Amino acid sequence: MKFVRATVAAWLLHAGAQAAPTAPVLTHFPQPGLGADQLGVIVNDDDPDSVAIAAYDRKKRDIPAANLIHVRFKPGRSTLAREEFATLKRLVDRKAPRNVQAYALTWAQPWRVDCMSITSAFAFGFDPAWCASSCKPTQPSPYFNSSVARPWDAYRIRPAMSLAAASVAEAEKLIDRGVASDGSNPDGTAYLVSTTDKNRNVRAAGYASVRTLMQPIMPPDIVEANALTNRPDVMFYFTGLAQVASLDSNRFLPGAIADHLTSAGGELFGGSQMSSLRWLEAGATGSYGAVVEPCNFPSKFPVPGIVMAHYLQGETLIEAYWKSVQMPGQGLFIGEPLARPFAGVHQDTHDGALSLSARLLAPGLYDIQAAPSMIGPYRNAGRLPVAWGTRQIRLDHVPPAYYRFERRADSAPAR
């Protein structure tokens, strides 16, 4: 690391020693993660449950009133026609404040727009390129595994997630779990479950590499079984089955992510396969399922290592989950979008050293800036490369001053 200690000391002397702290103090270390002011909450005024869920979410998440986007359409249907949706989408985008980067949908029905999921339709707009009428790939998402913090500004897309539930009470529990997860840094386990269902178990081929990648951060447990039972610490649960047994025997930690690779998990009510909603009812905070037959393309489902990497470095659930699916056009994202269990960077100063730690620090190149007072002026004092997998950095012999770190825009994404 290139750190200009003599220059920092000269600034402090010039500014007056009385203005400087007696030890190095961290004022800012950037972590990715959308804020409440960047989430647009779409509410269907013709659906009393949607209105109640939006009101509760706004209260619990302190969503600005301007970010509530009101629409009207007949509720209780599984599917919207593309023409009806196009009118809604134009209205929503016109009403959305410029700073809004993502959407929360306050209903479980409808979950589909023609051949797209409703979350992908709100993100991209309806386009048949995101669909497939047979076993074919679809349009890939530019947001996939990116380091982009503001998807609307970068790509003109707003990833969407449905606050899906069978009742207002269940939606409120979901929102409460998301809020409770924030900054909790839980000591949970990632369960990668390999089943006997050959067609739906395709993600298991990558489990060993996920374990190698995540071993220093949250060691995954690869389980060969058709069901996980009686586990008290579920943070991640990825599997491949049409029906998943014993969900209620496990304890899902606040902020937990869980999904099953199958053809129709996103068909939330009345389907022949297990609804992805069952994961939320069992205590998970986020899940994903296909609304149209995707075939068993792993690229149409969440990549476990990618969603874990982005989540563990402090991104919100909606960001981490969306970035883990390369072809999300047929997939429905459900959950509490702002859940952020791994937010927060801890600082420690002793013996002239400044140590920073988190569950996972976002990799990239950081500029270090120093100032004699908390409000500045800050000047560049060095540059620090942070490699993938870094959980702690330590700067030795640091002059007493206020320090902040800025991650350069050209930094690499999570693995």
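A search of the whole structure, which is a predicted model, turns up 2 cavities of 30 Å³ or more.

**The largest cavity**

- The largest cavity holds about 50 Å³ of space.
- Its lining consists of Ala164, Ala165, Ala166, Glu170, Leu174, Arg177, Leu277, Leu280 and Glu281.
- Two helices, α6 (168–181) and α8 (277–282), each contribute at least two residues to the lining of the largest cavity.
- Sorted by class, the lining of the largest cavity has 6 nonpolar and 3 charged residues, with no polar ones.

**Helix α3: length and faces**

- Helix α3 covers residues 82–95, which is 14 residues. From its first C-alpha to its last, α3 reaches 20 Å, close to the 20 Å expected at 1.5 Å a residue.
- Phe85, Leu88, Lys89 and Val92 are the buried residues of α3.
- Viewed down the axis of α3, these buried residues fall within an arc of 105°, so they line one face of the helix.
- An α-helix has 3.6 residues a turn, so residues three or four places apart point the same way.
- Glu83, Arg90 and Arg94 are exposed and lie on the face of α3 turned away from its buried side.

**Helix α3: what covers it**

- Strands that cover the buried residues of α3 include β3 (39–44), β4 (68–71), β5 (79–80), β6 (102–105) and β7 (112–113).
- Helix α4 (118–124) is also among the elements covering the buried residues of α3.

Definitions and conventions. Residues numbered from 1 in each chain as written. Predicted model: local features only at pLDDT ≥ 70, side-chain atom pairs only at ≥ 80, totals over all residues. Heavy atoms only, no water. 1 Å grid on protein atoms, 1.4 Å probe; cavity = no way out; pocket = protein on both sides within 12 Å on 5 of 7 lines; lining within 4 Å. Points joined across faces, edges and corners; volume = space filled by probe spheres on them. Helix = DSSP H or I, 4+ residues; strand = E, 2+ residues; numbered from the N terminus. Nonpolar A, V, L, I, M, F, W, Y, C, P; charged D, E, K, R; others polar. Expected span 1.5 Å × (residues − 1). Buried < 20%, exposed > 50% of the residue type's maximum accessible area, 1.4 Å probe, protein only. Arc of directions from axis to C-beta. Contact = heavy atoms within 4.5 Å.
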